[in-house]
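Me: I'm new to reading protein models. Could you help me see where the labels come from?

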Amino acid sequence: MIDCQKILEIADRELAGTDLFTVSCKCTPMNEVELLIDSDTHVTIERCAELSRTIEAEFNRDEEDFSLTVASAGIGSELKNIRQYRKLIGQSVEVLLLSGVKILAKLDAVSDEGITISYEEKQAVEGKKRKVLVNVERTFSFEEIKYTKEYLDFK
């Protein structure tokens, strides 16, 4: 079976010094490999193809046959790398907490421990009969978060 760790090492070496970085690598028992990359700016199909050729050149197809797909981490996919979070500061994200609560918010800050988001929430205010929208800013550790995704509003 093909070694995902070796593929990640090759990809990281090839992408060093660029704005591109690896996100994940998955290998199936049938030797189908999917390598996801992302960028601080954008990922081109040409760069994915170039990286694919570089990785394939490191392996001997006579010893082990495999299928390699190099792709960009798509819009709506879960964020897995702190650089992906930093890229989205100031933009809308969907956060699902381990408690099951889903929050649509603006990503305000990212640290090694977690994220800070802001959003509007209806809260009871003293002296008011109805709940009012209040701006809320909360910080969550990565341990509290099941996933975070970029949120696109098509309205």
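Me: What makes up the lining of the largest pocket, by class?

Reply: Its lining has five nonpolar, seven polar and three charged residues. Here Ala, Val, Leu, Ile, Met, Phe, Trp, Tyr, Cys and Pro count as nonpolar, Asp, Glu, Lys and Arg as charged, and the others, Gly among them, as polar. This is a predicted model, where local features need pLDDT of at least 70 and side-chain atom pairs count only at pLDDT 80 or more, while totals for chains, interfaces and linings use all residues. Residues are numbered from 1 along each chain as its sequence is written, and side-chain values use heavy atoms, with hydrogens and water left out.

Me: Why is Q84 called buried?

Reply: Buried means under 20% relative accessible area, exposed over 50%, and partly exposed in between (1.4 Å probe, protein chains only). Q84 has 2% relative accessibility, so Q84 counts as buried.

Me: And why is E46 called exposed?

Reply: The relative accessible area of E46 is 54%, so the label is exposed.

Me: How do you know that C4 and C27 form a disulfide?

Reply: A disulfide is a pair of cysteine sulfur atoms within 2.5 Å. The sulfur atoms of C4 and C27 are 2.1 Å apart, and the pair forms a disulfide. C4 lies in helix 1 and C27 in strand 1, so the pair ties together parts that are 23 residues apart in sequence. Helices (H or I, at least four residues) and strands (E, at least two) are DSSP runs, numbered from the N terminus.
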